[in-house]
Amino acid sequence: MDRNSPNPPCSVNDAGAGQDRVFKAVLIYENVAAGARARWFLERLARASRKTLEEQMWNFDVLGIREVRNRAATAARKGDVVVVSASGQREFPGAVRAWLDMWLWLLKDENPALLALFDSSAAPTVASICAYLSCVTQRAGIEFLSAHGTASLFPVIRPKEEAVWPGSVARASLSPVKSRGRGERSVGHRAL
């Protein structure tokens with residue numbers, strides 16, 4: 001080893017240290033409000049874990065295009081967490097179910113978490129969507145979490161001191177992402 005070299009040697013652990021600072025998320029959302037709510041939630045999760053958020057977002061409608069669906073599934077394969085954000089007023093369209101199947105089929109050694117966010121637990125299809133997601137994630141052997149609350153159109157426009165998503169939601173959501181445990185958990189929160 002040349003001690004006068006301007007670039008000290010790196011260990012294998014040093015090379016991976018930069019990757020640990022990035023929180024990779026893929027967001028699949030039903031509408032603008034669901035997308036904004038989920039993005040804001042992900043920003044809070046990344047900030048709480050002291051990581052930089054790197055997200056990719058796709059609307060339910062564009063997943064009907066095969067090429068887009070393929071890109072979204074490939075991106076989700078590389079994510080730490082995949083978030084599906086919906087109103088819960090209607091069942092998932094066929095394109096979203098096809099995307100989920102493709103994404104889970106692509107997983108090999110990856111072990112992301114799937115987080116479902118809903119406007120309200122009282123929405124008509126939340127229970128059936130959660131049952132479906134729980135079933136498919138259980139077959140794939142990945143963590144499934146769900147959270148719900150009454151959402152405003154733009155939850156990101158609030159005073160900084162107002163806690164919209166309590167810390168318990170962030171802690172409960174982050175812990176499986178960090179530990180890569182398996183199973184299903186539901187995380188409720190107060191109104192947004």
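How many helices and strands does the secondary structure of the protein come to? The answer is six helices and six strands, where helices (H or I, at least four residues) and strands (E, at least two) are DSSP runs numbered from the N terminus. The model is predicted, so that local features need pLDDT of at least 70 and side-chain atom pairs count only at pLDDT 80 or more, while totals for chains, interfaces and linings use all residues. Residues are numbered from 1 along each chain as its sequence is written, and side-chain values use heavy atoms, with hydrogens and water left out.

**Whole chain**

Among the contacts with a separation of 6 or more, 81% are between residues 24 or more positions apart, a contact being heavy atoms within 4.5 Å. The accessible surface comes to about 10,300 Å², and 51% of this surface belongs to carbon and sulfur atoms; the areas come from the Shrake-Rupley method with a 1.4 Å probe, and for residues only the protein chains shown count as cover.

Select Ser 85, which is placed in strand β3 and is buried, with a relative accessible area of 0%. Leaving aside neighbours within four places in sequence, the residues in contact with Ser 85 include Leu 27, Ile 28, Tyr 29, Glu 30, Phe 60 and Leu 117.

Next select Ser 87, in the loop between β3 (81–86) and α4 (94–106). Ser 87 is buried as well, because its relative accessible area is 7%. Its side chain reaches the backbone nitrogen of Gln 89 at 3.1 Å, and, not counting residues up to four places away in sequence, Ser 87 touches Glu 30, Asp 119, Ser 120 and Ala 123.

**Helix α4 and its two partners**

Now show helix α3 (residues 66–77) together with α4: the two pack at an angle of about 45°, with their axes 9 Å apart, the axes being lines fitted to C-alpha atoms, for helices over the stretch in contact, and the angles running from 0 to 180 degrees between N-to-C directions. That makes α3 oblique to α4, given that angles under 35 degrees count as roughly parallel, over 145 as roughly antiparallel, 65 to 115 as roughly perpendicular and the rest as oblique. In this pair, residues of α3 including Arg 69, Ala 73 and Arg 77 meet residues of α4 including Ala 95, Trp 99 and Trp 103.

The contact is made by Arg 97, Leu 100, Asp 101 and Leu 104 of α4 and by Tyr 132, Leu 133, Val 136 and Ala 140 of α5.

**Two exposed arginines**

While α5 is displayed, select Arg 139, which lies in this helix and is exposed, with a relative accessible area of 63%. The C-alpha atoms of Arg 139 and Leu 104 are separated by 9.2 Å, although these residues are 35 residues apart along the chain.

Finish at Arg 50, in the loop between α2 (32–48) and β2 (52–59). Arg 50 is exposed, with a relative accessible area of 75%, and its phi is near 60°, a positive value in a residue other than glycine.

Definitions and conventions
Buried < 20%, exposed > 50% of the residue type's maximum accessible area, 1.4 Å probe, protein only. Polar contact = N/O pair within 3.5 Å; in protein donor to acceptor, adjacent residues only side chain to side chain.
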